Amino acid sequence: GYYQDDQEGGIGVSLNQSPSLLFEGSLMVGVPGKVADRARGLVGLDKDFKALSPVKIMEMPVISDFDVVAHYTDAIPFNFDEIGVEIVQNSFAWNQEGHRNYFIHEFEIINRNGTMLDSLFVGLFADWDIGDANNIIASDMEKGFGYCYAPGGSYYVGIKELTNWRFIHQAMYNVAGGIINPNVNFSSAKKYRALSEFYGWAGWGEGQDVSHVVSSGPYNLAALDTLRVAFAIAAGNTFEELSQTIDSAYVKYNGRNISGISSSMGNNNRVEVKSYSSHFVVSVDQCTDCEMRLLNTLGQLVSTKKFSSSFQINHNGFVKGVHVLQILNRQGELVGVEKIEFR
């Protein structure tokens with residue numbers, strides 16, 4: 001990425017010597033009410049981290065062909081988003097055939113707060129500008145990663161959480177109308193929503209100015225304990241190349257193949273949607289006292305309903321177009337996501 005404001009210093013993210021595909025990116029670590037990050041905020045960039053030691057390239061790499069370590073903290077005077085975390089970041093890149101188009105950031109997050117950190121989320125924010133920045137954000141629900149591309153373009157970029165299979169993806173519009181707009185009032189409360197809520201698609205048709213957060217959580221981190229979370233940032237000239245590169249990154253880090261998104265949601269619920277001329281019928285396996293949430297393309301909640309086993313959605317009353325259907329269990333955990341289209 002970059003190590004100075006306004007894309008100064010650094011090379012961004014480039015595939016095969018392309019112009020940088022990244023406008024801005026940042027680690028985000030959040031608990032309710034506070035998010036520590038270096039992304040845009042209410043006024044300019046939030047600068048919630050400071051280095052404890054300089055970034056160091058390892059002369060004798062151990063894990064990859066290019067091992068880098070960084071050490072930083074959010075303990076900064078007058079930092080109102082201080083959570084009390086110390087972070088050791090290990091970054092890895094390879095020069096092997098089949099492993100060149102991704103790199104991995106591994107974050108060791110140490111709780112220096114003195115008390116338990118509840119409902120902790122860790123994620124990466126990325127504002128991609130591929131071409132003229134008219135982009136689309138989408139989710140691969142089978143492999144659990146969020147990605148961005150320009151319609152008709154030749155670059156695809158994606159982010160996948162590698163460690164704990166708790167895939168959360170918040171796609172956002174950087175324009176008026178979206179529930180979370182990073183260009184307007186990107187407060188800690190909205191950043192925490194971006195870290196903790198799923199909305200996996202943005203920028204339909206010809207594309208729009210969009211960004212996203214891929215995250216993992218929630219975690220409860222006891223005082224002095226360490227949480228390890230890793231992400232792969234990958235690229236390809238086609239979606240198929242990107243998907244294969246995500247596979248390579250997962251295998252390189254975990255030593256086994258991706259097993260499927262169902263394990264990330266920690267459940268065995270299967271969502272089935274049947275479409276009829278006047279309505280949809282949605283059935284969910286092993287779901288009692290569940291809740292459905294229907295969101296439009298801007299991520300706005302347009303309908304919600306409690307149900308057990310199955311429910312019906314009539315076409316009447318909803319704007320034509322693609323919507324996102326979320327299924328939550330009685331604990332409020334996301335157990336299924338489907339796209340449905342009203343015609």
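This is a predicted model: local features need pLDDT of at least 70, side-chain atom pairs count only at pLDDT 80 or more; totals for chains, interfaces and linings use all residues.

Colleague: Is Ser211 buried or exposed?

Modeller: Burial is judged from relative accessible area, and a residue under 20% is called buried. Ser211 has 0% relative accessibility and therefore counts as buried.

Colleague: Which side chain makes a polar contact with the side chain of Ser211?

Modeller: That partner is the side chain of Asn174, at 2.8 Å. Beyond the neighbours within four places in sequence, Ser211 is also in contact with other residues, including Phe125, Asp127, Ile137, Met172 and Pro182.

Colleague: How many aromatic pairs does a search of the whole structure find?

Modeller: The search finds 17 aromatic pairs. One of them joins Phe280 and Phe342, with 5.6 Å from centre to centre and 75 degrees between the planes. Planes over 60 degrees apart count as edge-to-face, so this pair is edge-to-face.

Colleague: Where in the chain do Phe280 and Phe342 lie?

Modeller: Phe280 is in strand β15 (residues 279–284) and Phe342 in strand β20 (residues 334–342); the pair links distant parts of the chain, 62 residues apart. Phe280 is buried, because its relative accessible area is 5%, and Phe342 is buried at 2%.

Colleague: What kind of pair do Phe307 and Phe311 form?

Modeller: Their pair is tilted, with 4.5 Å between centres and 55 degrees between planes. Phe307 and Phe311 are both buried.

Colleague: Which residues do ring pairs link into a cluster?

Modeller: The cluster consists of Phe145, Tyr147, Tyr149, Tyr156 and Phe239.

Terms used: Residues are numbered from 1 along each chain as its sequence is written. Side-chain values use heavy atoms; hydrogens and water are left out. Buried means under 20% relative accessible area, exposed over 50%, partly exposed in between (1.4 Å probe, protein chains only). A polar contact is a pair of N or O atoms within 3.5 Å; within protein, one must be able to donate a hydrogen and the other to accept it, and residues adjacent in sequence count only if both atoms are side-chain atoms. Contact means heavy atoms within 4.5 Å. Rings of Phe, Tyr and Trp (its six-membered ring) pair if their centres lie within 6.5 Å; planes under 30 degrees apart count as stacked, over 60 as edge-to-face and the rest as tilted. Helices (H or I, at least four residues) and strands (E, at least two) are DSSP runs, numbered from the N terminus.
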